[in-house]
Each structure stands twice: as C-alpha cells, then as structure tokens.
Amino acid sequence: MNGALLARGLQVRLGGREILHGIDIGPWRAGEVTALLGPNGSGKSTLLRALAGLVPVHGHVQLGDAVVTGAATRGSTVYLPQALPAGVHLRVLESVLAAAHAGSGRKVEPAEAMALLASLGIDGLAMLFLDQLSGGQRQLAGLAQALVRRPSVLLLDEPLSALDLNHQLQVMRMVAAETRARGMVTAIVLHDLNVALRFADEAVMLRQGRVEAAGPVAKVISPATVERVYRVTARLEPCSQGRPQLIVDEALSEGR
C-alpha cells in the first residue's frame, strides 16, 4: 500500500505534558524523502512515534486513501529508533532474516540479505552477534532490518548520529535511492541541515511541538527560519559542486 502520507490535528501528551500541539503534516509523497528538523526537544522523535502508532495520539494519520492507526499503522510502517534494543542475541544476518519474516512473512534468502548488508558496507559483520557491534554498526544493522521489510512508510530517528562521515553519505545515498526505487514515503530526523539540503526533497521544521516551516527543503532551510528556530545567524552559499550549503556564523544571545 503506497501513497501519500498526511496527518491532521496530531496532538500528543506524555507524562501530563503536551508534546505536539495539534499539528498538520503532509502530504508526504511516495518516492520522496522528508527531513524532520528542529532543535532538541522540539518534538521530532515524538512525531515519528506518533506516525508509527507507538504513542497515544489525537488526530488521524492517512496513507493513500486509508486512515491508519495503531496496529494498522505498524503493518505498513517501519520505525527505526535512535538505538536498537539491547539483549537481542542474534547474529547480524539472522536479525535481517528475522526482520523480513516478522514484517511481511516473506521468506528472504540469505544471499538477498547479504547483498543488502554489502550495500551498507557491513557484510563482513554478518556472523557477529548484535551485542558485539559498535553503536554505528548497530545503526547500520538496524537500517538493514528496516529496509528488508519493504515498508510503505520508513521512519528513521537520527540514523546518522553514531556514523562517521563516510557512512553518513553512504546511508543517505542508499536511503534516497531505495525511497525512489521502491516508492516509499521516508521521513528522517536530522540535525545536520546540510545533509538535509543535499538529500531531502521536503522538510518540516519544528519548534516546541509546532510546525514552524514546511515545504521544499531549499525553502524551509532559509537564513531567516534558521535564525528564528535555532537562534543562530547563518547564510546560504554554493559549495564547490554548486549545491547550496548553510554556513553558521554565530549563536545569538537570549536577549537578541
């Protein structure tokens, strides 16, 4: 079931505190990557969890023509948290095969799983146990588990946070390519605005649980919006390859 994803009036309260204030997002189109941006505590991770049906939410989420909530959402959506749960005693290859079966019930041959691991540069880790991996390696293994399930919606919560620069670029290229090839709706929480400018199609910038800006990524990441949301002065300059890049000049004091 592939189609545009949208949500209307999303409100989330956790621990007696309102995290998302009745926000509207989308439509996010199939085959496109949407970057979720904003400072710490702005509601990015909570928004992903709400879209995945993992937290109580008021409002509705619609994928294509169907309103999806709870278990129905989880059936068509894969959510990858910032850190995989500890204590899973599986080898990397076994975890990918198990994820495919758990997600869709389809049987994946080891050769297909190995090809996916190779595309992420971790085929050499296939026979290691998950608890033997570094944080970055675990993130890559988690991404393989997510992609092998072939979801309609892929929700990635800071998948680059423990990766070196080389693997950040590899992962973003692969996520963008897989999103287009499979017609997925992909939303990814990012802190690096230049990564968003390079790889995302759309962006949503949050602040204090509200949408500050949404639309094409090059319009959302403007110096004025960045100053208002992040409290820094910045400018956009073309890089050596002609792409826009954000250069941050200084942090603003509270009084400015």
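Tutor: Let us begin with the second largest pocket of this predicted model, where helix 7 gives the largest share of the lining, namely four residues.

Student: Ok, and which elements give two or more residues to that lining?

Tutor: Helix 7 (193-199) is one of them, and it is joined by helix 6 (165-182) and strand 12 (244-251). Residue by residue, the lining consists of L165, Q168, L169, D192, N194, V195, R198, F199, C239, R243, P244 and Q245.

Student: How do those divide by class?

Tutor: Six of the lining residues of the second largest pocket are nonpolar, while three are polar and three are charged. The space in this pocket comes to about 260 Å³.

Student: Switching to the largest pocket, what's its volume?

Tutor: The computed volume of the largest pocket is about 430 Å³, and its lining is made up of 22 residues.

Student: Which ones lie nearest the centre?

Tutor: Y79, P81, L84, Q145 and R149 are the lining residues nearest the centre of the largest pocket. By class, the whole lining has 15 nonpolar residues, together with four polar and three charged ones.

Student: And where does that lining come from, in terms of elements and domains?

Tutor: At least two residues come from each of strand 6 (77-80), helix 3 (92-104) and helix 5 (135-147). In terms of domains, domain 1 (1-76 + 152-220) and domain 2 (87-150) each contribute at least three residues to the lining of the largest pocket.

Methods
Residues numbered from 1 in each chain as written. Predicted model: local features only at pLDDT ≥ 70, side-chain atom pairs only at ≥ 80, totals over all residues. Heavy atoms only, no water. 1 Å grid on protein atoms, 1.4 Å probe; cavity = no way out; pocket = protein on both sides within 12 Å on 5 of 7 lines; lining within 4 Å. Points joined across faces, edges and corners; volume = space filled by probe spheres on them. Nonpolar A, V, L, I, M, F, W, Y, C, P; charged D, E, K, R; others polar. Domains from an automatic or database assignment.
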